[in-house]
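Have your viewer open and your selection tool ready.

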Amino acid sequence: MDQPVPPLRARLRANYLRDESGALAELLGVARLDPAASQRVQERARSLVENVRARQKAVAGMQSFLREYDLSSQEGVLLMCVAEALLRIPDAATADKLIRDKLSQGDWEKHVGRNDSLLVNAGTWGMMLTGRLVSLDASEAGNAGAWFGRLAARAGEPVVRLALRQGMKLMAEQFVMGRTIEDALARSVDGENRAYRHSYDMLGEAAFTAADADRYFVAYEKAIDAIAKHAAPSKEDVFGKPGISIKLSALHPRYEYAQRERVRSELIPRVQALVERARKGDIGVTLDAEEADRLDISLEIFESVFSSPALQGWEGFGLAVQAYQKRAPFVIDWLADLARRQRRRVMTRLVKGAYWDSEVKRAQVQGLSGYPVYTRKANTDVSYLACAAKMIAAKDAFYGQFATHNAHTVATILERMGKDQPFEFQRLHGMGEDLFEQVVAAGHACRVYAPVGSHEDLLPYLVRRLLENGANTSFVNRIADPAIAVESVVADPLATVSGQASAVNAKIPLPIALYGDRPNSSGFVFADETVSAPIVAQVQALAAKKDFGKVPDADAAGARAALDRASGARIPPPKERAAMLERAADLIEKDRTPLMAVLAAEAGKTLPDGLGEVREAADFCRYYAMLTRRHFADPEDLAGPTGESNRLQLAGRGPFVCISPWNFPLAIFVGQVAAAFAAGNPVIAKPAEQTPLVAAQAVRLLHEAGIPEDAVILVPGRGEIAGAALVTDPRTAGVAFTGSTETARAINRALAARDGPIVPFIAETGGLNAMFVDSSALAEQVVADVIASAFNSAGQRCSALRILCLQEEIAPRVIELLKGATAELKVGDPARLDTDVGPVIDADALAMLEAHAAKMDREARLICKAVVPKDAGPLFFAPRAYEIASLDAIDREVFGPILHVVRFAAADLLKTVDAINAKGYGLTMGIHSRIEETIEAVRRRACAGNLYVNRNMIGATVGVQPFGGEGLSGTGPKAGGPHYLFRFATERTVTVNTAAAGGNASLIASSE
Ligand SMILES: Cc1cc2nc3c(=O)[nH]c(=O)nc-3n(C[C@H](O)[C@H](O)[C@H](O)COP(=O)(O)OP(=O)(O)OC[C@H]3O[C@@H](n4cnc5c(N)ncnc54)[C@H](O)[C@@H]3O)c2cc1C
């Protein structure tokens, strides 16, 4: 049982998505200084900036290079793309392709001579040189660029590749202290570095597998020992000594909210062991701050270790707090309380935060009611200053570590800080040297965050630094740009915020307002416990009770009776239909909890899948309502001769039969019905035999929304009985079907065999979906996307990945990660939040999967298989992957969590795409590559309804990724797309001779 949540913690949790205006009003009060103090801050900040600029003129180097290529220039973005990928690409051919791809796009020449920095010019010449290598052409002879180009051509691509790799390493070294901890420690006492304290960060991002986590753990242990040894002669207290920074995500492969119990039991002992080791050597340990949805769990871990008896009386354990998060001030209050309870200060590194762009995107995708972070830069600054003010005021609770490169922020801290109050500043290695040289010279302590690692490990970190240096809102970018006046660089964020008409950035719409023409469906993040915990508890209780009523099967007579009723149904006019669908969307969202429960109980849907379905169903209703208003409400006037009006009107066709599958028993069911009704048809909805209860709930809500009972009629029953009766009945004016290709063919034949009108048949069927991965892809990202695409929903999605095609150079790494990541999957009760993979739908599905697996066991090589707990129950099938020798081994869809992996040679990529196309399906496809040319080549070649680049292949969003395939995968048009409704409608043109009665009055009136 969870303990009751203490009030400070509850308040922190309740403010996950705090209202921005309300937050700012409060923060301004906390951060405000009196006018004289404010004036002193301005003057100090100005002087700091002026001195930095004076110095930068003297020693222009990497900073000018980064400024020249900032992210507002195409070349800056291209350069970042090269930096992100080049050093990790194993094979020369792909590396050369990347270089050609990126460098041939930029206008490198325009950067030559714009800046007197040697590095900018050397760099630019280098880029031009390589760029020229690609576009060299006889007409360029005689100019300097061409000369360099010829030189490069003579030297050959390997030399250019080497030169560029060297250049990238140089850039990386700007931000990395050393390849090994020993190198970094040695460098820390070199020259100017001696003036600083250091906190070492062992590079490498999140652990993906248990082996990764073990490797990072050992690396941290070794680093702690090395730092402690290095620090041993020092007489300083723990704050004066070097320390280490730790990322919790590196120490556990499933460091996420949903796995909280496991993380608690496995991660806390690991952190405890590292911190105790650090205590022995008396060197500080700081937990880095990561994504917003990990904040709460990180605090839990911190509290547990901080309060442990082994650390009593020692102040060397601390954590980073991100001011851009709305919960930041509450975290400070909570930490102050913890410190006082434990009777010692918490070493607290206050930062603004490094993941702002991804937080904003994630909140939009998740349909949150707000953002966990501020939407204006000045708001983040004010939050930082308010948090700093709180920390400085609570002397007994904090040893403040103020991490910033912003001169105004620095000046404010100095202004607020009590005379003898111990604290330090922190900066990142490779940034802010010129600023902190002045601060350190004035006698203030500053620590450098010093990343340590090899070139392959540093790439994600490097990208974050390039983003920070290149963003035009960022202080380090602005201070380096002489075109920006000093006054503007040091502008007081409190004044900026007070002067804003609204605290919220209007350029970043709230997630609900993303689409403009209709509201986005609302979601929540499970890590937002105040919101999610009651929902999860209720879903679990309802799913366990299994009290969802009964839905008897209809027989053929029942199906015909439904058609009788539907044929006489009164269909409301378009605008009313749209309003009804919009009401239905609201009701579906209102009933989210019971719907998630029935989805778990009847269809084996995990909680995130259930939430996704509810949102998709609501999106379908709103999207088709929007299209109904746009296309059906009023006739379209057509151009024609005078004296005549010509109008095109869309209308319903008559009873439409919608036959939906069990794998999306809510979303696809509602999507089909909503579309058919939106277009003006009465609908007979025949759900899958396995999921009538979900369908019954959905139809109840549609009726509650005002849709007449005869206009949407539920006909549950067996396909061969009720389904066949509906399809063969001559009154059926159209069929929408989602399911297997075989059933679609049977329906098509049945429709063709009928006498009477030929009616539309909209079929969405299966796919043999493939993902192509070249060696420029990031293996960790690939595997995360593969696991989601192949195993999410137990692989029972039409879009699911079935065949993973790996370029041979990257295959070993991807396969190794795939093994480790599959081993981490939790298979079990779908109503539990920590379950990744639920059951398959029924015994037939299980038998089919087992038969295919037995065949693969004989014919292919098993790569990995997740564990199914013994007590899981009867319908569980372990997700698994097989390596097949060639694509001949598979030519039909196997609907479940079995992934097939095949390797290809780089030169055969397009041949592999052709081989997949030749299977005849065409639903989803994926490509992971950093090379535009490769992506474009695959795009041109791919016969697939939905192509996903550098992301997973599932979870198409209504109106954003209209979904549906071609070939054996379906007829189109795409569900959730702009053309879908037309297929359900008939078109009528009305021509009126307006001159028939009394001549052409309007023509005569306009004659001159
Ligand atoms: C020693 C050290 C350790 C760090 N450790 C961590 C860590 O553990 N975790 C972590 O996340 N970060 C960490 N950072 C912070 C981060 O990487 C950046 O360096 C920092 O945010 C830059 O702040 P600044 O005051 O130097 O720059 P400024 O340019 O003054 O501020 C930049 C901040 O504003 C935010 N911002 C930009 N646009 C907007 C907008 N429209 N709305 C709202 N906010 C906006 C940015 O995201 C960024 O947080 C650390 C920084 C240092 C110096």
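Which residues have the most contacts inside the largest nonpolar core? Select V271, F317, L335, F402 and F425: these are the ones, in a core of 112 residues. A nonpolar core here is a set of buried Ala, Val, Leu, Ile, Met, Phe, Trp, Tyr and Cys residues joined through side-chain atoms within 4.5 Å; buried means under 20% relative accessible area, with a 1.4 Å probe and protein chains only. Next, colour helix 11, residues 210–231, which gives this core its largest share, ten residues. (Helices are DSSP runs of H or I with at least four residues, strands are E runs with at least two, and both are numbered from the N terminus.)

Before going further, a word on the model: it is predicted, so local features need pLDDT of at least 70 and side-chain atom pairs count only at pLDDT 80 or more, while totals for chains, interfaces and linings use all residues. Residues are numbered from 1 along each chain as its sequence is written, and side-chain values use heavy atoms, with hydrogens and water left out.

Now centre on V271. Leaving aside neighbours within four places in sequence, V271 is in contact (heavy atoms within 4.5 Å) with L248, L251, L287, I301, V305 and F317. For a second, separate core, of 84 residues, pick V360, I508, L595 and A736, which are among its members.

**The ligand**

Show the polar contacts, pairs of N or O atoms within 3.5 Å. A polar side-chain atom of R349 is 3.3 Å from a ligand nitrogen, and a backbone N or O atom of R376 is 3.0 Å from a ligand nitrogen. At H405, a polar backbone atom lies 2.7 Å from a ligand oxygen. The protein covers 93% of the 960 Å² of accessible area that the ligand has on its own (Shrake-Rupley method, 1.4 Å probe).

Go to T691, in the loop between strand 12 (683–686) and helix 30 (692–704). T691 is buried, at 1% relative accessibility. Beyond its neighbours within four places, T691 touches E602, A603, P661, W662 and P665.

Definitions and conventions
Buried means under 20% relative accessible area, exposed over 50%, partly exposed in between (1.4 Å probe, protein chains only). A polar contact is a pair of N or O atoms within 3.5 Å; within protein, one must be able to donate a hydrogen and the other to accept it, and residues adjacent in sequence count only if both atoms are side-chain atoms.
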